[in-house]
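Please walk through this structure with me, from the chain as a whole to its sheets and then to a few single residues in its loops.

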Amino acid sequence: MTTVTLIGSRLAEPGTEFVYEGEADGCAGCPYRSQCLNLDTGTKYRVTAVRENAQTLECAMHDGGVRAVEVEPASVRANIPSKGSFAGSKASLSGPCPYVECPSHEFCEPDGVAFDEEHRISDILGDPPHEVCHLDRSLQLVELDLDG
């Protein structure tokens, strides 16, 4: 589902992905608050379109101002437990991993996905990029649909 919001002009390009972190201190008293703060905190979004003929508005948080864009929740690549996982089923992350140097860490703790959330698996991508899981987890790399 597409939503219209305001984001920093430098980010206002189709295909740009970001995790919405919520209201910042500089947002207090802004006349555009309701148009900027209309996304779900902690969710990853992708810009699908920049609104034509929209003006750049001044913003206390973005030095280049903000522009109106259309966004939708983005899918996320993640490592999930391989047992019982298939395209179309729902899954959640295994939990935190302290091994930040592991080539799979970004998929075990992906931006925009909380450990207690379930999301639909849109595609099974295969084996994770690591050779050995230091937590002895049996994982597979998938594409999670954050909108479903």
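A residue is called buried when its relative accessible area is under 20%, exposed when that area is over 50%, and partly exposed in between, with a 1.4 Å probe and only protein chains taken into account. The model is a predicted one, in which local features need pLDDT of at least 70 and side-chain atom pairs count only at pLDDT 80 or more, while totals for chains, interfaces and linings use all residues. Residues are numbered from 1 along each chain as its sequence is written, and side-chain values rest on heavy atoms, with hydrogens and water left out.

The chain contains two helices and eight strands, where helices (H or I, at least four residues) and strands (E, at least two) are DSSP runs numbered from the N terminus. Read from that end, the elements follow one another as β-β-α-β-β-β-β-α-β-β. The C-alpha trace spans about 50 × 30 × 20 Å along its principal axes, and of the 148 residues 35% count as buried. If a contact is taken to mean heavy atoms within 4.5 Å, then among contacts between residues at least 6 apart in sequence, 68% join residues at least 24 apart.

By the Shrake-Rupley method with a 1.4 Å probe, where for residues only the protein chains shown count as cover, the chain exposes about 8600 Å², of which carbon and sulfur atoms supply 45%. With Lys and Arg counted as positive, Asp and Glu as negative, and His and the chain ends not counted, and with each charge placed at NZ of Lys, CZ of Arg, CG of Asp or CD of Glu, the mean positions of the 11 positive and 25 negative charges are 4 Å apart.

Two strands are said to pair if DSSP finds at least two bridges between them. An open sheet of four strands has the order 1-4-3-2, and its pairing is antiparallel. Strand 1 (3–8) and strand 2 (17–19) stand at the edges with a single partner strand each, so one side of each is left without a neighbour in the sheet. Within this sheet, strand 3 (residues 44–50) and strand 4 (residues 66–73) run antiparallel and are joined by five bridges; Arg46, for instance, has Glu72 in strand 4 as its bridge partner.

A further open sheet is formed by four strands in the order 5-8-7-6, again with antiparallel pairing. Here strand 5 (76–81) and strand 6 (90–91) stand at the edges, and because each has a single partner strand, one side of each is left without a neighbour in the sheet. Six bridges join strand 5 to strand 8 (residues 139–145), and these two strands run antiparallel; the bridge partner of Asn79 in strand 8 is Leu141.

Asn53 lies in the loop between strand 3 and strand 4, where it has a positive phi of about 60° although it is not a glycine, and at 81% relative accessibility Asn53 counts as exposed. Asp136, in the loop between strand 7 (119–126) and strand 8, likewise has a positive phi of about 60° without being a glycine, and Asp136 is exposed with a relative accessible area of 72%.

Finally, is Pro98 buried or exposed? Pro98 is found in the loop between strand 6 and helix 2 (105–108), and because its relative accessibility is 59%, Pro98 counts as exposed. The C-alpha atoms of Pro98 and Glu109, which are eleven residues apart along the chain, are separated by 9.9 Å.
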